[in-house]
Amino acid sequence: MSAFITFEGIDGSGKSTQAGLLADTLRDTGRDVVLTREPGGSPGAEEIRSLVLEGDPDRWSAETEILLFTAARRDHLERTILPALAQGKVVICDRFADSTRMYQGLSRGDLRGIVDQLHHLMIGREPDLTLLIDMDPAIGLSRAKARQTSEERFEDFGQALQDQMRRGFLELANEFPSRIRVVDGARNTQDVARDVSRIALEYLA
Ligand code: ADP
Ligand code: TYD
């Protein structure tokens, strides 16, 4: 059975780590898994990734970002996600449209309506299951900053943005209770992974 599973949460919450571990767990049970990420996940979308994640925080307006992230997502969907699902694979994606609902829809004014309209028009697909890795933003930001990459545009918006994103993600979990499951990320990697794989295996069963 194909399935589209996404990870969401603030920067540094452990999404990539947990997505990789879940991919290993599902492969061990014999499933065909495609592990991918946003922004990116296809050659064209990876090019857009460097445009949006590098440079000054004010490089793009929120409205322009909505267009760039949605363009990247459309390419990723057409070339990576939908073909894999059509072949019966499990697609695990590190961030998807919920990140646009939060980072572009909330952070610089209320643009959620525009995000949702463009999503409906150009993407029109929600994940089957979303794991929201929740934690105190101070922990997430210190983990993310310790990574030392050039992709720091959003981390450079600072702690206040991360606080707002955490609250927003928890509200989103209430808005989509059948799809989004909240996991406490402020524990060691193995404990978080145990909850993540239990929820995913229950869904797939
Ligand atoms: P995200 O994809 O959400 O930004 P990562 O998986 O890249 O998060 O993790 C951010 C950093 O924190 C990495 O250096 C990772 O090794 C570390 N990390 C991930 N999970 C944990 C955990 N449960 N406890 C401590 N450190 C963690
Ligand atoms: P990511 O590489 O997942 O960062 P991290 O590992 O720090 O969580 O994503 C990079 C940044 O892109 C992250 O700060 C959130 C932002 N982003 C958006 O603003 N909108 C989007 O639609 C997506 C997918 C990501």
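Mentor: A polar contact is a pair of N or O atoms within 3.5 Å; within protein, one of the two must be able to donate a hydrogen and the other to accept it, and residues adjacent in sequence count only if both atoms are side-chain atoms. This is a predicted model, in which local features need pLDDT of at least 70 and side-chain atom pairs count only at pLDDT 80 or more, while totals for chains, interfaces and linings use all residues. Residues are numbered from 1 along each chain as its sequence is written, chains are lettered from A and ligands numbered from 1 in the order in which they are written, and side-chain values use heavy atoms, with hydrogens and water left out.

Let us begin with the open space. On a 1 Å grid over the protein atoms alone, a pocket is an open set of points with protein on both sides within 12 Å along at least five of seven lines, whereas a cavity is a set of points where a 1.4 Å probe fits but cannot get out; lining residues have an atom within 4 Å of a point. Grid points are joined across faces, edges and corners, and a volume is the space filled by probe spheres set on the points. The largest pocket holds about 780 Å³ of space, and among its 35 lining residues Asp 11, Lys 15, Ser 16, Arg 95 and Arg 147 are the closest to its centre. Helices and strands here are DSSP runs (H or I, at least four residues, for helices; E, at least two, for strands), numbered from the N terminus. At least two lining residues of the largest pocket come from each of helices H1 (15-28), H2 (43-53), H3 (62-86), H4 (97-103), H6 (137-145) and H8 (189-204), and H1 provides the largest share, with 4 residues. By class, the lining has 8 nonpolar, 12 polar and 15 charged residues, where Ala, Val, Leu, Ile, Met, Phe, Trp, Tyr, Cys and Pro count as nonpolar, Asp, Glu, Lys and Arg as charged, and the others, Gly among them, as polar.

Turning to the ligands, a residue is near a molecule if one of its heavy atoms lies within 4 Å of it. The residues around ligand 1 include Gly 12, Ser 13, Gly 14, Lys 15, Ser 16 and Thr 17, together with Arg 143, Arg 147 and Arg 187. A side-chain N or O atom of Lys 15 is 2.6 Å from an oxygen atom of ligand 1, a polar side-chain atom of Ser 16 is 2.4 Å from an oxygen atom of this ligand, and a backbone N or O atom of Thr 189 is 3.3 Å from one of its nitrogen atoms. Ligand 2 has 16 residues around it, of which Asp 11, Arg 95, Thr 100, Gln 104 and Arg 147 come nearest. The side chain of Lys 15 also places an N or O atom 2.9 Å from an oxygen atom of ligand 2, a polar side-chain atom of Arg 49 lies 2.9 Å from an oxygen atom of ligand 2, and a side-chain N or O atom of Gln 104 is 2.8 Å from a nitrogen atom of ligand 2.

The whole structure contains 2 cavities of 30 Å³ or more. The largest cavity has a volume of about 60 Å³, and H3, H4 and helix H5 (112-122) each give two or more residues to its lining, with H5 giving the largest share, 4 residues. That lining divides into 5 nonpolar, 3 polar and 3 charged residues. The second largest cavity holds about 40 Å³ and is lined by Gly 9, Ile 10, Leu 132, Ile 133, Asp 134, Met 135, Arg 166 and Phe 169; strand S4 (129-134) gives the most to this lining, with 3 residues.

The side chain of Asp 98 makes a polar contact of 2.8 Å with the side chain of Arg 179. Ser 99, also in H4, is buried with a relative accessible area of 8%. Leaving aside neighbours within four places in sequence, Ser 99 is in contact (heavy atoms within 4.5 Å) with Glu 8, Gln 104 and Phe 169.

Key
Buried < 20%, exposed > 50% of the residue type's maximum accessible area, 1.4 Å probe, protein only.
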